[in-house]
Amino acid sequence: MNTTASPSPAIAASTTPLTQDELKTLVGQAALQYVVPGEIVGVGTGSTVNKFIDALASIKDQIRGAVSSSVASTERLQALGITVFDSNEVERLSVYIDGADEIDAHGNMVKGGGAALTREKIVAAQSDRFVCIADESKLVQTLGQFPLPVEVIPMATRRVIQQFAAKGGVGTIRLKNGQPLVTDNGQYIIDVTGLQIADPLAFEAEVSQWPGVVTVGVFAFQRAQVCLLGTASGVKTLNF
Ligand code: 5RP
């Protein structure tokens, strides 16, 4: 991992520590440098990406549009006047910009806190470069402290929870208003605690094959090549 730090003038002038929300704004704005003029950009989901989308609106006349990873991001992009393309209309994207729930020193991530992991992995897979934007609380040594999101077909939930139990994990169905949360794809999310994901590639390959698993929230095959990390001393760029 190579690291460079670029303190922002606002930070240098301020003695008050930045809030997590301000760090998200910083990295959202910093991600604009990876957007290629005249092209379509891949856009993730979440509160950090919302800051990026807001920043993207300021250069919307310089891009063709976006491929989005969720209904929520699509609605935000369109409300700001940015054209959203279906992923099937686009062959390759040069860059995909998204947040993470955890990222390690190799660019492997846990994602899906916003329940958008399946579409996120699809858009990441059609992109040449994954630029992760995150505040420094997301940088971990080993993935697994954040409950691992897994999108599953509803009839497989019990069996998948049993398979995680055999690995020492405790899975629960994610709820919304007391009912199972239904994803943009009509499926459920299981959140798994108690895992230590020492080999993210092997873990992702294994769990992805379990019957009924649509997407596991480990992004090792689609890991980040760059992470813009919001820290007290500015935006650090990690290259993997
Ligand atoms: C959504 C995601 C998000 O990227 C992840 O949850 C981080 O979100 P936030 O920027 O709000 O912390 O994977 O499915």
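Predicted model: local features only at pLDDT ≥ 70, side-chain atom pairs only at ≥ 80, totals over all residues.
Helices here are DSSP runs of H or I with at least four residues, strands are DSSP runs of E with at least two, and both are numbered from the N terminus.

**The whole chain**

Let's step back for a moment. The protein chain has 7 helices and 17 strands. Its radius of gyration is 18 Å, close to the 18 Å that the globule rule gives for 240 residues, so the chain is as compact as a globular protein of that length.

How much of the chain is buried? Buried residues make up 50% of the 240 residues. As for who touches whom, take the contacts with a separation of 6 or more: residues 24 or more positions apart account for 72% of them.

**Helix 3 and its two partners**

Helix 3 runs over residues 47–56, and helix 4 over residues 71–79. These two pack at an angle of about 20°, with their axes 10 Å apart. An angle under 35 degrees counts as roughly parallel, and helix 3 and helix 4 are therefore roughly parallel to each other. The crossing of helix 3 with helix 4 is right-handed. On the helix 3 side, the residues that meet helix 4 are Val-49, Asn-50, Ile-53, Asp-54 and Leu-56, and on the helix 4 side they are Ser-73, Arg-76 and Leu-77. Sorted by type, this contact has 4 nonpolar, 2 polar and 2 charged residues.

Now for the other partner, helix 2, which covers residues 20–30. The axes of helix 2 and helix 3 come within 8 Å and cross at roughly 50°. Helix 2 and helix 3 are therefore oblique to each other. Helix 2 also passes helix 3 in a right-handed crossing. From helix 2, the residues taking part are Asp-21, Lys-24, Thr-25, Val-27, Gly-28 and Gln-29, and they meet Ser-47, Thr-48, Lys-51, Phe-52 and Ala-55 in helix 3. The residues of this contact divide into 3 nonpolar, 5 polar and 3 charged.

**Following single residues**

Is Ile-59 buried or exposed? At 17% relative accessibility, Ile-59 counts as buried. Leaving aside its neighbours within four places in sequence, Ile-59 is in contact with Leu-32 and Val-35. Val-35 sits 24 residues away from Ile-59 along the chain, and their C-alpha atoms are separated by 9.5 Å.

You'll find it in helix 4, and Ala-79 is exposed, with a relative accessible area of 69%. Ala-79 and Ala-57 are 22 residues apart in sequence, and their C-alpha atoms are 9.8 Å apart in space.

Next comes Val-214, in strand 14, which covers residues 213–216. With a relative accessible area of 37%, Val-214 is partly exposed. Which residues does Val-214 contact, leaving aside its neighbours within four places in sequence? They are Thr-118, Glu-151, Val-152, Ile-153 and Gln-187. Compare that with Leu-56, which is 158 residues from Val-214 along the chain: the C-alpha atoms of these two are separated by 30 Å.

| Pair | Apart along the chain | C-alpha to C-alpha |
|---|---|---|
| Ile-59 and Val-35 | 24 residues | 9.5 Å |
| Ala-79 and Ala-57 | 22 residues | 9.8 Å |
| Val-214 and Leu-56 | 158 residues | 30 Å |

**Two residues with a positive phi**

Most residues other than glycine have a negative phi. With that in mind, have a look at Ala-115, which has a positive phi of about 70° although it is not a glycine. Ala-115 is in the loop between strand 7 (109–110) and helix 5 (117–125). It is buried, with a relative accessible area of 11%.

Asn-177 also has a positive phi, of about 50°, and is not a glycine either. Its place is the loop between strand 11 (175–176) and strand 12 (179–180). Where Ala-115 is buried, Asn-177 counts as exposed, at 75% relative accessibility.

Key
Residues numbered from 1 in each chain as written. Heavy atoms only, no water. Axes fitted to C-alpha atoms, helices over the stretch in contact; angles between N-to-C directions. Parallel < 35°, antiparallel > 145°, perpendicular 65-115°, else oblique. Left-handed = near helix turned anticlockwise from the far one by under 90°. Contact = heavy atoms within 4.5 Å. Nonpolar A, V, L, I, M, F, W, Y, C, P; charged D, E, K, R; others polar. Rg over C-alpha atoms; globule rule 2.2 N^0.38 Å. Buried < 20%, exposed > 50% of the residue type's maximum accessible area, 1.4 Å probe, protein only.
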